[in-house]
Every structure is written in C-alpha cells, then in structure tokens.
Amino acid sequence: MSSDSSSSSGSERLDLTEDHDWQDVESDREDVRFVSLFDEATFPDAEAMIDYCKQKYNFDFRALKQQLDLDFYSGIKLVNYIRSEVKCGNKSPDVSSKSLFEDDKYLQPVLEDDALLFSLDDLLEGISGSTNVMASGKDQDLAAKVAILEEKLRASELQFSGYRQRVEETLEKQWSEREGNAGASVNSNAATGDKSTEKSDREQGYFDSYSYNEIHEIMLKDTVRTDAYRDFIYDNKDLFAGKTVLDVGCGTGILSMFCARAGAAKVFAVDNSGVIGKARINVVANGLADTITCIRGKVEEITLPVKQVDIIVSEWMGYGLLYEAMLDSVIWARDHYLAPEGLMVPSDCTLRIAPVTDEEYIQDNIEFWYDVYGFDMKAMTEKIYEDVLVRQAESKNLAADSTIFLHLPLHTITTAELSFVKPFSVETSRDIDSLDGWAIWFDTFFQRSRTAQLPATSRAETWKEEDRGIAFTTGPAGKETHWRSCIMLVDQSKRRGSPVTKGTKLEGTVQYSKGKEHPRELDIEICWRTGDASGPHSQIWLLR
C-alpha cells in the first residue's frame with residue numbers, strides 16, 4: 001500500500017479502464033420505482049410520476065418550482081412536506097408559500113428510500129427556469145449537488161463491479177456443472193445452491209436490519225456510547241485536523257459528522273445498508289457534503305478513491321463484543337487502507353468475566369415453570385440454559401471480582417485471534433448457595449497514540465478518573481448501555497447442590513467461536529472447576 005499522499009485526493013474517481021470489455025453487459029441496478037406524492041401508484045421515472053400528479057391531482061410540480069423558486073433543499077422539504085400531509089389524510093396540502101415547509105424537520109424522509117429525493121437535483125435542473133438556483137450564487141448548494149452526483153457515480157460503478165463478479169461466478173458454476181456427472185452434479189449443486197442462497201439471504205438480512213430507524217435511534221440514544229466517541233473526537237481535534245478519515249459502518253453518519261466538525265479534511269463514510277441514503281441527506285442538511293463522501297457497499301468490496309487514510313473510526317462492537325463479526329471488516333479496512341502511523345478509534349477493548357449468583361432470577365424465570373397453578377410445565381424450560389441472555393449484570397449478583405480474559409489491541413489484532421480459548425481465574429468474595437451462571441462484558445478505550453500500551457489492570461470505570469482519557473464499560477460498574485452484558489446460566493443439573501464458599505478459586509477457560517452455519521453468530525463455551533470433587537464443568541451457550 002503506497003503512502004503517496006499526493007494521490008489521496010477525495011476528488012479522485014474510480015478507475016474503470018479495465019472494465020471496457022464489459023460495456024455491452026446490461027448494468028446491474030435495482031428496479032427503482034417512484035412513488036406518487038398523493039397515493040401509492042408507482043412509476044419507472046420521476047417525470048412520469050410528476051405528470052401523473054398533474055393530471056390526476058392538478059398538482060403541477062414544474063410550475064410550483066418556478067413560482068416558489070425552489071432550490072435543492074427547499075425541493076427536498078417540499079416533497080417531504082407533501083408526503084407528511086398526505087400521510088395525515090390531507091391530499092390538498094397548502095403549497096402557496098415556502099414558509100409552510102421551511103422547517104428543517106422536512107429534510108427527514110417520510111418515505112423510506114424515497115427514489116424521488118435521490119433524483120430531485122436532476123429533476124429540478126431539467127425544469128425550465130431552474131437556472132435561478134445556479135444564478136443565486138449559493139456555493140454551498142452547488143458543492144452539495146456536485147457531491148451527491150459524485151456519490152451517484154460511485155454507487156453505479158460499485159453496482160457494475162458487483163454485477164460483473166456475479167456473472168463470473170455464474171459462468172464458473174455452469175462450467176462446473178457440465179464437467180461433473182449429470183445426476184450427481186445437479187443434486188450436489190442444488191444442495192450447495194440452497195446453502196449459498198440461505199447464507200446470502202442471512203447476510204443480506206443482517207444489513208437490511210440496519211436500514212430502519214429504530215436500531216439507529218437506540219444506538220444514538222445510548223449516551224454512554226455516543227458521548228464517548230464525540231468526546232474523544234472533540235477533545236482531540238488536533239488529531240483530526242486536516243486528516244483523511246474512514247468511517248466503517250457509518251449508519252446515520254453521526255461519527256463522520258463528528259470527525260468533519262473536528263476539522264477532518266475528508267471523511268469516507270461506508271455502509272452496506274439502506275441507511276446510507278439517509279446518511280447522505282443528513283450530511284447535506286448539515287452543510288458537510290464538501291467534507292464527507294458517503295459510499296454504499298461492503299468495505300471489502302468497494303474501492304476508496306484514496307490509497308490510504310490517517311484514521312479509521314468505527315462503532316463495530318456487538319453483544320459480547322464480537323457478535324455480528326463486524327470487527328473482521330474493520331481489521332480488513334485497517335490492513336488495506338490505514339497509513340503506517342495511522343490511528344484506530346477506539347484503540348483497545350477488553351473482555352471480562354465474573355461468576356454470578358442470582359437465586360431471585362432463577363426462581364422467577366425458571367423454577368416458576370415447575371408449578372404453574374398446580375401444573376408441571378417444565379417443558380417450557382427446554383433450551384432455556386442454551387441461549388446467552390442479553391441483560392445488564394448487577395454488582396450485587398457477582399460472586400467475585402471480574403477478571404480480563406482477552407485484550408484486543410485494535411492496531412495489531414488479527415481476524416484469526418477473534419476465535420480463541422483463553423484462561424481465567426477468579427476468587428469468590430463471599431459464600432454463595434450455588435454458581436448460577438457467568439457474566440461477560442467488555443470495556444472500550446480510546447487512546448491518542450497507536451503505540452500507547454494499555455495497562456493490564458485497566459478498568460473503563462476508573463479510566464477517566466485516572467486522567468487517562470475516554471473509555472466506557474458495558475458491565476455493572478457503569479451506566480447501562482444498549483449492549484448490556486451477557487449472562488450465561490449454568491444448567492440446573494450442574495447448579496443444584498453446589499454451594500461455593502468465600503475464597504474458592506474458580507479457574508477455567510473461555511472459548512469464542514463463530515457460528516457454524518452463520519459466522520456473524522457466536523458460540524461461547526466456558527469450562528471451569530469449583531474446587532469440589534465433581535468438576536470440571538463445561539457448557540456451551542449460543543448468541544443468535
């Protein structure tokens with residue numbers, strides 16, 4: 001990877017010179033449909049939809065554009081204003097003045113993935129008289145339009161690249177089928193195809209889940225999470241000033257906008273879900289289109305228009321830290337794009353484990369089924385011990401101080417190290433009737449330098465008090481986050497009749513493995529000894 005910064009301009013275009021042999025292939029694009037402003041009718045292009053609205057609802061978008069002298073922003077607001085009014089039952093909204101829809105709330109799309117909004121700049125420029133926008137001298141509007149057009153070009157190029165790859169895979173599969181035994185080949189490929197389709201659907205479902213507002217609202221309202229990123233970026237503006245930043249899994253674009261406000265020269269915001277369309281609008285609405293470039297696609301499959309970046313920022317953490325396997329993509333981006341002296345934000349994570357005793361939870365949620373109004377309903381407890389419970393660990397339920405079983409230095413860790421078996425040892429701090437389970441949580445640290453060493457005794461809850469900077473915990477010593485903790489209940493047969501006295505050493509191993517069928521899922525196995533003659537004990541929990 002070259003460190004030649006002279007070729008790292010954000011204005012560089014993707015090089016498609018090697019694609020000339022594919023120019024006759026039909027482009028791989030989605031069947032985009034334009035939804036009417038006043039009903040659910042759809043059309044293949046914006047012009048047809050505008051004509052329909054004029055004929056059926058006497059709404060002349062072209063005339064209104066000239067009458068109100070709509071620019072790009074006011075055009076977006078008008079569309080969302082009309083859709084919001086129609087959604088509330090008003091099919092004759094008042095559009096006599098721009099003041100009726102000047103509120104910035106109308107920059108938020110009413111219709112998810114509204115194709116009209118992404119074609120609005122072309123539509124406005126295609127209407128006679130639209131030169132008023134250009135003649136207004138609003139450089140910011142012009143810069144925003146140019147940025148959006150560049151995004152469209154990149155999106156088209158990425159779609160084309162993906163199509164070519166799928167064509168190659170299809171051809172290879174066809175030749176493979178011809179070379180094998182006819183009957184066996186059909187059966188074998190059919191089975192493989194089913195698995196491949198299932199895997200592809202599951203993978204697409206993962207990205208689709210991030211297309212909806214709810215999940216992003218939950219994350220943004222997690223102030224522990226969002227404040228930590230904001231505070232580190234804003235408190236260290238000298239690290240970001242004039243730098244090129246890559247935001248992996250940008251979502252709504254919040255981290256990218258933090259970086260831009262901190263003085264970054266260029267930010268590439270990458271996400272493979274539909275939320276990237278809303279991120280683009282968020283970027284434009286906040287006047288940051290000249291700094292932030294939004295790109296849709298997997299970071300492993302796109303090509304950035306720069307050879308390297310100075311900083312990679314990403315909120316990649318999942319339940320139990322590694323659920324969703326997004327860190328794999330961040331590591332790939334680090335190895336392919338981060339400059340030799342570049343910075344990872346955050347810089348370190350640790351995984352901690354502690355034994356749990358919680359008789360109240362066991363009685364309320366498990367033993368409850370043993371006698372329900374005089375009926376035995378133990379059948380309802382099937383697999384109740386197999387799944388990881390995502391709930392906040394409480395200090396009162398810990399039977400020992402936690403210990404770190406894995407440190408992840410983000411500047412150097414490899415994907416191979418994300419599947420592991422690690423030892424741990426804790427000593428009980430009190431007598432308990434039984435070991436009811438284990439709690440696992442993670443701490444996240446933000447350090448200014450890639451060479452900074454994380455002390456072995458580091459705890460996120462005391463990090464700031466020690467004047468070390470920004471950190472947060474998902475464990476019981478901190479405010480509850482949307483990640484919460486992972487609670488793994490010990491199977492009843494391993495729990496009953498096993499009191500543990502204060503000072504007992506609990507030793508064992510924690511194993512993290514990716515799901516066999518779906519690698520974004522997580523299997524956690526804990527093996528332990530409790531000092532009695534019945535050990536060792538072992539159990540596997542699934543995080544699905």
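This is a predicted model: local features need pLDDT of at least 70, side-chain atom pairs count only at pLDDT 80 or more; totals for chains, interfaces and linings use all residues.
At what angle do helix α10 and helix α12 pack, and how far apart are their axes? Residues are numbered from 1 along each chain as its sequence is written, and side-chain values use heavy atoms, with hydrogens and water left out.

Start with the parts. The protein has 17 helices and 17 strands. Helices (H or I, at least four residues) and strands (E, at least two) are DSSP runs, numbered from the N terminus.

Now the two helices. Helix α10 covers residues 223–235 and helix α12 covers residues 254–261. They pack at an angle of about 20 degrees, with their axes 9 Å apart. Axes here are lines fitted to C-alpha atoms, for helices over the stretch in contact, and angles run from 0 to 180 degrees between N-to-C directions. The angle makes α10 roughly parallel to α12. Angles under 35 degrees count as roughly parallel, over 145 as roughly antiparallel, 65 to 115 as roughly perpendicular and the rest as oblique. From α10, the contact uses Thr226, Tyr229, Arg230, Ile233 and Tyr234. From α12, Leu255, Phe258, Cys259 and Arg261 take part. Contact means heavy atoms within 4.5 Å.

Next, look inside. Buried residues make up 49% of the 544 residues in the protein. Buried means under 20% relative accessible area, exposed means over 50%, and partly exposed lies in between (1.4 Å probe, protein chains only). In soluble globular proteins, nonpolar side chains tend to be buried together. The largest nonpolar core here has 121 residues. Such a core is a set of buried Ala, Val, Leu, Ile, Met, Phe, Trp, Tyr and Cys residues joined through side-chain atoms within 4.5 Å. Leu246 and Trp438 have the most contacts inside the largest core. Helix α3 (residues 72–87) gives this core its largest share, eight residues. A second, separate core has 13 residues, including Ile366, Tyr385, Ala393 and Leu489.

How much of the contact pattern joins residues at least 24 apart? Among contacts between residues at least 6 apart in sequence, the share is 74%.

Now visit the loop between α15 (359–365) and β9 (389–390), the place of phenylalanine 368. Phenylalanine 368 counts as partly exposed, at 39% relative accessibility. Its C-alpha atom is 9.7 Å from that of threonine 381, which is 13 residues away along the chain. Lysine 378 is found in the loop between α15 and β9 too. Lysine 378 is partly exposed, with a relative accessible area of 41%. Not counting residues up to four places away in sequence, lysine 378 touches Trp369 and Tyr370. From lysine 378 to glutamate 367, eleven residues apart in sequence, the C-alpha to C-alpha distance is 8.3 Å.

Some backbone details deserve a stop. A cis peptide bond joins valine 345 and proline 346, with omega about 0 degrees. Proline 346 lies in the loop between β7 (338–345) and β8 (348–356). Aspartate 467 is not a glycine, yet its phi is positive, near 60 degrees. Aspartate 467 sits in the loop between α16 (460–463) and β13 (470–473). At 72% relative accessibility, aspartate 467 counts as exposed. Arginine 484 also has a positive phi, near 50 degrees. Arginine 484 lies in the loop between β13 and β14 (486–489).

Finish with two residues that link parts of the chain. Isoleucine 404 lies in strand β10 (residues 403–409). Leaving aside its neighbours within four places in sequence, isoleucine 404 is in contact with Thr350, Leu351, Arg352, Ala456 and Ser458. Arginine 430 is in the loop between β11 (420–427) and β12 (437–446). Not counting residues up to four places away in sequence, arginine 430 touches residues including Thr357, Lys396 and Val500. The C-alpha atoms of arginine 430 and glycine 503 are 7.1 Å apart, though 73 residues separate them along the chain.
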